[in-house]
Amino acid sequence: MESIHTYNLSGSIVEDENGALKYPLPEVNEIEINLSQLKRNYETIKRLLQPKTKFMAILKGNAYGHGMLPISKELELWGCDALGVVRLNEAFALREAGIKIPVYQLAPIRPEQAPGIVQNQITAMADNAELLDALEKSCEEQNTVMNVHIKINTGLNRFGVDPENAVDFINRVHKNYTKVKVEGVYTHFQNPDYNPEFTREQIRRFQIVLNELEKENLRPPIVHAGGSAAILKYPEAHYDMVRCGVLLFGLEHTLGEKNFPEGIASAMTIKGRILKIRELHAGEFGGYGTAFIPDKNTTVAIIGLGYGDGISRGWKEALVGGKLVPIVSFFMDAIMVDITDVKNSVKTFDEAILIGNQGDSHISWGDACKALGTYEDEQVQYITGRVPKHYRYID
Ligand SMILES: *Cc1c(COP(=O)(O)O)cnc(C)c1O
């Protein structure tokens, strides 16, 4: 079992030069990322692809809340072909951390950011001449070349060149620039989970552009389109590379449609310790205001995870003593749970689980999000940086 400690709070880095913890923190909560599960997800998804199809792991949003840098290093070790992000600070952080595999910047950048992109050899998304001019100029100044991928808008209407202008645009890139190389073209689906007709229409629009590029001998080496939903549902849209985000982390975009292949599951457990156990008499206050006033004698436990950690009002249940117990009160740094039914099997500093397994019971992201009325890939973003993340291979 391997453990990588990362403390995100400034001033709380407590590793000595050998990486050992100088002042082991008595942590009251943690996120545990099971790297064995994450690797199983990666390998399971890889088996759905043709052997020649490349795998770009999307690590935006701090790797869907799992911690971008530690995850990126594991992915590189596992042979992942590329990483994709949407903010330049994410892209630069990956390079600063020593990541050598291709890093794709998938969202627009301002032309004045070109020097950093070139210097860090980030593969940029391009859909306009201003950026390409700036990238070419930076390449000349730095005496180097770089790759861009041209994005084609087939119906999401977010970024990209419209299909009717795409071939002409790519033609001009080839003609006008010598340092900037078109390594790829790509598109992004609008609703691959639920709208097969429109997804097929997007594939058709994309394919028309690809056919024309082929005719003119301009088809770049890496064509890509699909994210997680298309990986599962549209093998014809895998092309030369897939861009996999949410599925790699065992999460889903839309609730209740668990159509994951066997082997894919969430790799994240959220744990907090019981800091205090207390008896409340009927009619006493449990926390601030009138949030909880039990009508019978009740045993409560205070758990060291609060909305300052991302456990906001609306979370319903925790696992304590191997059983589901209701959350009855919220604080910035703690929650109160009613443990009357399990009080004989728990003691102070035992672990409580907000996401994950305990005993025979389980709380999934799906369960939590159903109670909260949110989405998994959104909710995972709300866990805050002060919760320490521990990365372990647990089989
Ligand atoms: C977020 C994103 C992805 C990954 O999507 P998932 O559905 O999470 O796999 C792929 N491509 C682009 C352009 C994205 O923004």
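The lining of the largest cavity comprises six nonpolar, four polar and four charged residues, where Ala, Val, Leu, Ile, Met, Phe, Trp, Tyr, Cys and Pro count as nonpolar, Asp, Glu, Lys and Arg as charged, and the others, Gly among them, as polar. The model is predicted, with local features requiring pLDDT of at least 70 and side-chain atom pairs pLDDT 80 or more, whereas totals for chains, interfaces and linings use all residues. Residues are numbered from 1 along each chain as its sequence is written, and side-chain values use heavy atoms, without hydrogens and water.

Two cavities of 30 Å³ or more are present; a cavity is a set of points, on a 1 Å grid over the protein atoms alone, where a 1.4 Å probe fits but cannot get out, and its lining residues have an atom within 4 Å of a point. Of its 14 lining residues, Asp193, Ala229, Leu232, Asn259 and Phe260 lie nearest the centre.

The second largest cavity holds about 40 Å³. Its lining includes Lys151, Arg158, Phe159 and His188, and divides into three nonpolar, five polar and two charged residues.

Strand β18 (residues 389-392) is covered on both faces; strands are DSSP runs of E of at least two residues, numbered from the N terminus. Lys389 and Tyr391 on one side, and His390 and Arg392 on the other, are all buried, that is, under 20% relative accessible area with a 1.4 Å probe and protein chains only. Strand β2 (residues 29-34) runs parallel to β18 and is joined to that strand by four bridges, pairing being assigned where DSSP finds at least two bridges. Ile33 stands opposite Tyr391.

Note on methods:
Buried means under 20% relative accessible area, exposed over 50%, partly exposed in between (1.4 Å probe, protein chains only). On a 1 Å grid over the protein atoms alone, a cavity is a set of points where a 1.4 Å probe fits but cannot get out, and a pocket is an open set with protein on both sides within 12 Å along at least five of seven lines; lining residues have an atom within 4 Å of a point. Grid points are joined across faces, edges and corners, and a volume is the space filled by probe spheres set on the points.
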